Amino acid sequence: MSANTIEINRARQSFDGVSAIWLFGYGSLIYKVDFPFLEQRPATIRGWQRRFWQGSHDHRGTPDAPGRVVTLVEQPDAVCKGMAYRVSPSVFEHLDVREKNGYLRFTTRLTFDDGCHGDGVVYIATEDNEAFLGHAPDQDIARQIAGAAGPSGPNSEYLLRLADSLRQLGTECAHTFAIERHLKTALLDGD
Ligand code: SIN
């Protein structure tokens, strides 16, 4: 599948007759909120885990030196914490461009912190997209992140801001925190 998903996403879901919909963010959508929203609530989704397995050629890297950003990978019983925003469907015109490097919109079941449920939309970069990088040892991922930068800034900033946001949400993400530790060591060593 082409890494540019703008047209695929436009054709994929219709919001006809819908005035507001939940959007679930688990990566930069937690801390970089460059879209209007009606309401925001911490939430979880089940069956998916956060992984730095997606290449970033357009935001936190370049085509020659891609960075690494998060996507979700299926894992039965995994619980992924993030932030849900109730948005107008028009917001997806902007988000489809922002998330164009391999991310597709999926519908997901959300659980809010008070135990209530709702349905929402989540952007996931599946392994069949051209920018997908997949698994690598945590230290290698951290080294790649330490050396990458793109139009949205250094890749290290993406990781550090995400890790801080997850701490603020009170969630443990062993994968993100392990890469953050390696990154901090790499930055100190000038690696
Ligand atoms: C998300 O944050 O939900 C999607 C991945 C990203 O933009 O970092």
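A polar contact is a pair of N or O atoms within 3.5 Å; within protein, one of the two must be able to donate a hydrogen and the other to accept it, and residues adjacent in sequence count only if both atoms are side-chain atoms. This is a predicted model, in which local features need pLDDT of at least 70 and side-chain atom pairs count only at pLDDT 80 or more, while totals for chains, interfaces and linings use all residues. Residues are numbered from 1 along each chain as its sequence is written, and side-chain values use heavy atoms, with hydrogens and water left out.

| Residue | Backbone atom to ligand oxygen |
|---|---|
| Tyr26 | 3.0 Å |
| Gly27 | 2.8 Å |
| Ser28 | 2.8 Å |

Of the 250 Å² of accessible area (Shrake-Rupley method, 1.4 Å probe) that the ligand has on its own, the protein covers 97%. The residues around the ligand (a heavy atom within 4 Å) include Phe24, Leu29, Val70 and Glu99, and the shell as a whole divides into 6 nonpolar, 3 polar and 1 charged.

The structure holds 1 cavity of 30 Å³ or more, where a cavity is a set of points, on a 1 Å grid over the protein atoms alone, at which a 1.4 Å probe fits but cannot get out, and lining residues have an atom within 4 Å of a point. The space taken by the ligand is the largest cavity, and a molecule sits in a cavity if more than half of its atoms lie within 2 Å of its grid points. About 270 Å³ of space lies in this largest cavity, which is lined by 21 residues, with Ser28, His59, Glu99, Tyr103 and Tyr158 nearest its centre. Among the helices (DSSP runs of H or I, at least four residues) and strands (E, at least two), α2 gives the most to this lining, with 3 residues.

Technical notes. 1 Å grid on protein atoms, 1.4 Å probe; cavity = no way out; pocket = protein on both sides within 12 Å on 5 of 7 lines; lining within 4 Å. Nonpolar A, V, L, I, M, F, W, Y, C, P; charged D, E, K, R; others polar. Points joined across faces, edges and corners; volume = space filled by probe spheres on them.
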